[in-house]
Amino acid sequence: MGRLRTIGRRSFLIGSAAVMGGVAFGTYMVQAPHDNPLAKDLAEGSATFNPWVLISPEKITLIAPHADKGQGVSSAQAALIAEELDVEFGQFEVSFGKPDPAYWNHAMSEEGLPFKSTDDRWAVERARATMGGALKVMGMQGTGGSTAMADSFHKLREAGAAARETLKLAASNRTGVPVSELKTANAAVQLPDGTEIKYTELAGEAAQIEPVRFVKLRDPSEWRLIGKPMQRLDILGKSTGTLDYGIDVEIEGMVHATICVNPRQGGVMKGYKENGAREMRGVIDIVEITNGVAVVADNTWRAFQAINAIECDWGDAPYPHEQADHWTAIEDSFVEAQLDDEWRNDGDVDAASGEEITAEYRSPYVAHAPMEPLNAIVQVTDARVDIWTGHQMPIILEQQIAALTEHDVENVHFHNQWIGGSFGHRLELDYIKQAAEIANQMRGTPVKMTYTREEDFAHDFPRHIAMGRASGKVADGKVVSMSLDIAAPSVLGSQMSRVGITVPGADAQIPAGSWNNPYALANFRMRSYRAPELAPVSSWRAVGAPGAGFFFDSFLDELIHAAGADPMEERLRLINHKPSRKVLEEVAALSNWGSEMGENQGRGVAFIESFGAPVAEVIEVTQSDAGIKIDKAFVVADVGTVVDPINFENLVMGGAIFGMGHAMNCEITYSDGMAEQSNYHAHEAMRMYQCPEIVIKGLENGHKIRGMGEPTVPPAAPALGNAIFAATGQRIREMPFHKHIDFV
Amino acid sequence: MEFTVNGEKREADVEYDMPLLWVLRDELGLKGTKYGCGVAQCGACTVHVDGVAVRSCQLAAGEAEGSDITTIEGLGTPETLHAVQEAWVEHQVAQCGYCQSGQIMQAAALLDQDPEPSDEVIDIVMSGNLCRCGTYPRIRAAVHTAAKKLQEA
Ligand code: FES
Ligand code: FES
C-alpha cells in the first residue's frame, strides 16, 4: 500500500494549487492588489485608501467583510483598523461592505492542506502561501474555519496604518508641516502647536493623493485597543431588540413565503395536493420549486398554516432510508480500496509489544439549528437581483443566484445581514436559492422566505457521521503504540459538490483533530477511509474534529488507564510541541489536577489541536442516582494573540458548552429517508440548569493568531467522557452519551 | 382585535388563533420578539402579558385580546435601559444575540417575582430559554447584577 500513493495525492493537491496560483495566472496576479471596491461609487469629497476605510466629510466608515454570526467579528475587525488609524469606538460606523474579490480570505486555505498547523517548516509555509494565492485569484471571500482573525490581523492593521499615513500626508500638504512632526489621535491629525484637523475635514484632500501603501505596524507594546476588553458594537442593539437580523428586515412591498421540500434530501416531489391551501386567508400564491412547493402569503404564520395543509408525494432519497444502513456503509468502508490517506505512520504499530487494547467509536449526524431559522429576502426584476440575508460565502452566493435567475453576476446584489447563529449552516445556499426560485416566479415583488423550525431541521445538512477503529498497546505503565482508523463520508466533498466544485485529494477533515495532535508516540498510525456519500452533510462548528478528536482523545485515555498511568502526566510525557505542553500544564494547574475528589466524583482531561489552536479542557462530574451532573469545566487555549479578552471568553465558553451539550444529547437519525428529529425537544443540547461553572484562560505562546470560534468544541466531548469514566468506570464510546447514561 | 402593546393601543385584523408572536412581528412591526421554534421549546418569543412572562408563539391572538403586552422594545430603549438590559450590556451577554430578547424578558419577569433569586432559582426559571451560542454563565451573572440594580433603585 500506501506510501507512494499517499505522497502522490498530497503533491497533487499542492501541485494543483500551484498551477492555479503561480503558473496559470502568473505571480503578478497574486501580488497585485485587487481593485478597491469602495472607489467605484465614491461620493464627491470622500476618500478611500483601501477596501476597508472610507472617509467622507460627514463620517468614517470601516468595512468589516467577515460575516458576523455572533462571534463578534464585526467589532474585532473594526478594532484592528481603529488601532492603527487612531480612531476610537463611537467615532466610526461599521459596514459589512459589498461582496468583492478584494476581501478574499487568505487564511481559509490552511485547513485544506495536509499539514499539521503546528508545522511551520519553510516548505509548508510556502505551500500555504501558494494555496492562499490561488484563493486570492479566485476572490474567495468567506467566513469559516475560525479564520477571520488570522485573515484580518495584519491586513486590517495595515489598512488602518496606510489610511492614517495618507491623512497625515494630506494634512502636511495643507499646512506645510512635515509629516514627521504630525501625530494622530481621536480621528484627527494633530499639529505641533496643538491644533487638530479632523479626518473628515481632510477627506477631500486625501482623495486627491495616491494612498500610502507600505507602513510599518506599531509594536504590540503601543496597542491601545488590542488585548484590552472592548464593548462590542452590537451589544446595545442585541440587548434592546433593536438590531435587525435578516429575518427582521422589511422591504417595501414585501410578501412572506415558506417552503416545504422533500425531507428525503435530494429526492424529487412527484406531486402535491393543495387541500384548500390556496383559499386559506392571506394566501397569495402557491408555486413549485426544486423538489418542493412554496406558499406565498401576507403574513409568515399564514404561510406556515397553508404549507402544513398541503400534502406532497415525495420521491425516494438518493441515500439509504434507514439509519442502520448508513452505519453499515461506514463499517464497510474500512477497506484498502477506500483508504483516503495515511496521515501518520511513525515507528511500527504492528511490531510494538505490550498488552493490546481495541475499541470502536461512533459519532452521529448532528444538526446546526442556529436560533434564527434560515431565511432570505430576494427581489428579482428583469434588470437585477437583490438579496438580503446573512451568508458566509458572498461571492459564490452571487454566482449561484446569477446562474439560477439568468442574470449577469454584476447585476446580482447581496446585502449581508446580522446572523442569529450559523454553526456552519449559513455556508449552505439552498435557502437562498429557494427564495430566489419563488421571487423569480413573481418578478418585481420582494419575497421573504422563512423556514419553519421543522423545515430547518428537515432540510439541514448535518455534521457527518463517522466511526473510529482503534487499537493500541501499553507496557511498563506507559502507552507504547496507538493506531486509529477513521471512516466517514467526505464533508468537504458533499458541501462543495452543491456549488459545483470538486475538491481534489484526500479530505483533511475526516481525521482532523486526531493525527495532528503533537504527541511523540514511538508507534503511531492514523488512517482515514472515505465512505460513500450518504445523507448530504456540511461543515458543523469545528467540522471533522468533534468526531475524530473524540475518538482520538477518548481512546488515548483508555490506553492511559489501561497502562495505569495518570491521564495528565502521560499526556504531558508524550506531548512534544511547546505551546501545546503549556496548555496542558496550565489546565492542570487551573483545575488543581490530582487533588482529592469527593465520592462519586471524577475528572477527565482532553487535549485537541484544531484550526491551529491547541486546547485542553478538564471537566468534573458527579454521579448520582438520577444521573451525571457536570460540576465544573476548565478550558485553556492558545490563540497566539487575544484581540479582545471578553469576546475570547465568550467564544471559548460557548464552544465548550456547544461541545458538551451536543455530546450529551444530540443526534440526527434517518428513518424512511427523513430526519427523525424535527425541533429542539428532540435535539436540545445544553440548557442553563446543566451548565457548569467554566473557568478559562487564554495563552499567547503560539506564533500565529488563531480564531476561537471552533477549537474549544472538540475537546469538550472527550473530556466529559473521560470524566464520566473516572467517576463511574463506564467508558462511553458513542455520542450522544445519553444513549448510555442519564444526565441531570 | 385590540391590544395594549408597550403602553399604546394597537389594533390588528387577525384570526383568533394567530399566535401573538406573529401579530407582533408581521402585523404590528415589532421585530424584537423572535421566532425560534414555535412549540414552546426555546423561549425566544417571550413577552410579558399582564406582567407575566409568556411564550408568544403559544398564545392565540384571541386569548391575548384586551391584555396589556410588553415586548423587549417596551421594557427599555437604548437611551433608557431597563435594569436587566443594563446588566446585559455590562456583562456583554450576547453573542449572536438572537435568543436574548427572550432571555431578558424572562429574567425581568423572574426579578419581578423574586428580587433576589438564588442560582438554583435562576437555573430553573431560565432553563426554558435556549441559547445555542452558550451564553448561560454570563446570563447567570447578569441576572444577579440586575437584581442588585433593581434593589438599589
Ligand atoms: S418560538 Fe416560542 S418558545 Fe420558541
Ligand atoms: S446568543 Fe446566540 S442563541 Fe443566545
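Trainee: Which side chains meet A:R281 and B:E15 in what kind of link, and at what N to O distance?
Mentor: The side chains of A:R281 and B:E15 form a salt bridge, 3.4 Å from N to O. A salt bridge here is a side-chain nitrogen of Lys or Arg within 4 Å of a carboxyl oxygen of Asp or Glu. This is a predicted model: local features need pLDDT of at least 70, side-chain atom pairs count only at pLDDT 80 or more, and totals for chains, interfaces and linings use all residues. Residues are numbered from 1 along each chain as its sequence is written, chains are lettered from A and ligands numbered from 1 in the order in which they are written, and side-chain values use heavy atoms, with hydrogens and water left out.

Trainee: Is A:R281 buried or partly exposed?
Mentor: A:R281 is partly exposed, with a relative accessible area of 39%, while B:E15 is buried at 17%. Buried means under 20% relative accessible area, exposed over 50%, and partly exposed in between (1.4 Å probe, protein chains only).

Trainee: How many salt bridges across the interface of chain B and chain A?
Mentor: The rule finds 8 salt bridges across that interface. Between chain B and chain A there are also 35 residue pairs in polar contact, both residues at pLDDT 80 or more. A polar contact is a pair of N or O atoms within 3.5 Å; within protein, one must be able to donate a hydrogen and the other to accept it, and residues adjacent in sequence count only if both atoms are side-chain atoms.

Trainee: What about the area buried between chain B and chain A?
Mentor: About 4,900 Å² is buried between them, and carbon and sulfur atoms give 54% of that. B:Q92, B:Q95 and B:R132 supply 18% of the area that chain B buries against chain A, more than any other three residues. Buried area is the accessible area (1.4 Å probe) that two parts lose on being put together, summed over both.

Trainee: Where is B:A94?
Mentor: B:A94 sits in the loop between α4 and α5 of chain B, and B:A94 is buried, with a relative accessible area of 1%. Leaving aside neighbours within four places in sequence, B:A94 is in contact with A:R232, A:I235, A:K238, A:N650 and B:Q100.

Trainee: Changing topic: how many disulfides over all chains?
Mentor: The search finds 0 disulfides (pairs of cysteine sulfur atoms within 2.5 Å). For A:C312, the nearest cysteine sulfur is that of A:C260, 5.0 Å away.

Trainee: Which helix holds A:K155 and A:D151?
Mentor: Both are in helix α5 (residues 148-175) of chain A, 4 residues apart, so they are separated by about one helical turn. Helices (H or I, at least four residues) and strands (E, at least two) are DSSP runs, numbered from the N terminus. The side chains of A:K155 and A:D151 meet in a salt bridge, 2.9 Å from N to O.

Terms used: Contact means heavy atoms within 4.5 Å.
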